[in-house]
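The structure is shown here.

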Amino acid sequence: MAAPRAAPPRCRPRLLLPLLLLLLLPAPSDGLGHSAELAFAVEPSDDVAVPGQPVVLGCRVEGTPPVRITWRKNGVELPESTHSTVLANGSLMIRHFLLDGGGSPSDEGDYECVAQNRFGLVVSRKARIQAATMSDFHVHPQATVGEEGGVARFQCQIHGLPKPLITWEKNRVPIDTDNERYTLLPKGVLQITGLQAEDSGVFHCVASNVASVRVSHGASLTVSGSGSGAYKEPTILVGPENLTLTVHQTAVLECVATGNPRPIVSWSRLDGRPIGVEGIQVLGTGNLIISDVTVQHSGVYVCAANRPGTRVRRTAQGRLVVQAPAEFVQHPQSISRPAGTTAMFTCQAQGEPPPHVTWLKNGQVLGPGGHVRLKNNNRHVTLTISGIGPEDEAIYQCMAENSAGSSQASARLTVLWAEGLPGPPVNVQAVSVSSTEVRVSWAEPLVHTKEIIGYVLHIRKAADPPELEYQEAVSKSTFQHLVSDLEPSTAYSFYIKAYTPRGASSASAPTLASTLGEAPAPPPLSVRVLGSSTLQLLWEPWPRLAQHEGGFKLFYRPASKASFTGPILLPGTVSSYNLSQLDPTAVYEVKLLAYNQHGDGNATVRFVSLRGASERTALSPPCDCRKEEPTNQTSTTGIVIGIHIGVTCIIFCVLFLLFGQRGRVLLCKDVENQLSPPQGPRSQRDPGVLALNGAGRGERGQLGRDGKRVDMKELEQLFPRAGAVGQPNPIPNPRPTDPEAPALCEETQFSMLPLQGFGLLEEMTSEAKAPCVGPLAALPPQDTGPGLLSEGPATLPARSRQ
């Protein structure tokens, strides 16, 4: 198998022909109106039923008659019976709502209205029917003691369907709701502010709905004398709870605060957005009521209790979550399309939480596959049907559902089938030509061939989904086509259609063909040196090799040897291999090739040397990373190194001072001796030259005592500059006529002389049997000769060349 090839492009220039063919087709007609299709005018809604009582679920359908209406319960068709009947308008009546027990099934469940006519079938939204119930109280009111002018609060909790209505009784008499000091909250809370002695008594919570009535235990309220009037910090007794509601319900956010003086209660949103005023009211002394809630009301609400005239405050917060049932922002539209073309429906639904969207075809869930594709892009759900035929004509529904409810929208697809269209091409055959080419041949349709203007060949890998199909157009006089750019050892599916100005024929029967196989291509190979004797080989895995009885073969050898070690067989899923225990001094040749049932492919060859790695290893041996025990003593090695550095610095400073002082009075005995080249053996050379390059201690001391300092003007008189007027060749006289003329003095800083110069001087002077001291003796020689002095003309230090 060869290396994977790039997939053929989905859009090719050869597609221009089928596009031109489609332009010749008649324009599709507009979608049909609802009156000619099938749609719901009324859909069933959620309800709570009382056991033993009748229940009616509404359903009304508009469409072309005859329309047949049936019902489903929990997805199963509900049979007609004396217990449940479909009314003339399509509604369902359950005569006696039943719960589990007595051997009869419960009537609780999800109900759907199903309508069908000659155009198709539609299904209504789901309506959940539950039985009315009432539980016992799981929270009873508790006895309370309060001070006059204070606050008292009672609470009870009970579950029921529908939600129970909560009222309160004091001493078995309903509480007067006109009393502004008494606040009744829908969730079962009674608040009494500004307590008075007459408020004492026994309070009961009464819960009622269509199923039952429940009365809680009694709770006594005792009101003591007035308080001391002392200052009390503001305190929030009860803050808002977290709530989850559905749109259009009422939110009650409770906040009860006490303190002396009585705190001022205010509300805000944690995100800083204004709460608003529409549908907002404050109940009692600080409870926030939001009527007809929307999704925009979701957020965190903060209750604050402030001491009047100060910034002292206490806060509590609760989260409100508002859910919205699914609803459609964009409905699918009914369309008409010619046979063989593509139909597309789009719908967009919103809700909180975001709804899940599915598609139905005549009431059955439609999934991707075949010529059907589903795409969800930012809540835009698109249904695409390619190559439509008579069997695709149906009513398609977009169903959106979340935890708050469900909704549906429908549209009809009409397939236009022109009379006199050609039949499908026949005798379609596909034959493999090479590893990348297949020849497809066919014959003309059996009927209506005169209007054919061309053929379109549909191609895809047999293992790919239909949406990866691509087409190639062929002229009407051609009955075979060579498909190229295919992958080796791969099965492909082919079918063909004939096109006329009025439309396309139905598709021919598909045919399969597999391309021929070939040996794999050379794999890309890289080599890494891991050590002095280890190589790591890296390449990309080819999992398809394993599907074709293939893998990799690895060979290696020292470049100096004739035979390879190997082959080392590796599976196609492997992507690396390590070669170890190699010769660190050798250069290795490495070969890697891929193979399959068709043979071995070409090899990738790499040469790599381990010598550099072994040298680096020798120069940089691995450190001994032993952990040292902590100690308070200084390392002996560090002390020794420190002493050496200190002594060296002291010696250098002493030499600097000594040589610097002597160098300032050091005179050259004879400048012309310095410039004149030596004329004989070393033993017979001018002593002035010897003195310049390294005089004996006695002579040097004499020079130091008798020498005189020469000024720069005198130096210019002795050595006029090269560009002086009248002296084109200013070469100094090597033998000055005045023997009393002072010798040239060079003032030199010796602190920059390398230390190794001194060692070299001692070695050379010992050979010459001439003990030399002083920095001038350390001047480097001008050639590589064995002697201390240069054999060529003497050269002054850099500063003397001025």
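The paragraphs below treat the nonpolar core and then the salt bridges.

This is a predicted model, in which local features need pLDDT of at least 70 and side-chain atom pairs count only at pLDDT 80 or more, while totals for chains, interfaces and linings use all residues. Residues are numbered from 1 along each chain as its sequence is written, and side-chain values use heavy atoms, with hydrogens and water left out.

The largest nonpolar core has 24 residues, and Phe 345, Trp 359, Leu 383, Tyr 396 and Leu 413 have the most contacts inside it. Such a core is a set of buried Ala, Val, Leu, Ile, Met, Phe, Trp, Tyr and Cys residues joined through side-chain atoms within 4.5 Å; buried means under 20% relative accessible area, exposed over 50%, and partly exposed in between (1.4 Å probe, protein chains only). Beyond its neighbours within four places in sequence, Leu 383 is in contact (heavy atoms within 4.5 Å) with residues including Phe 345, Trp 359 and Tyr 396.

The whole structure holds 14 salt bridges, each a side-chain nitrogen of Lys or Arg within 4 Å of a carboxyl oxygen of Asp or Glu. Lys 187 forms one with Glu 241 (3.8 Å, N to O) and another with Glu 254, the closest N and O atoms being 3.1 Å apart. Lys 187 is partly exposed, because its relative accessibility is 23%, whereas Glu 254 is buried at 0%. Shared partners join Arg 153, Lys 187, Glu 241 and Glu 254 into one network.
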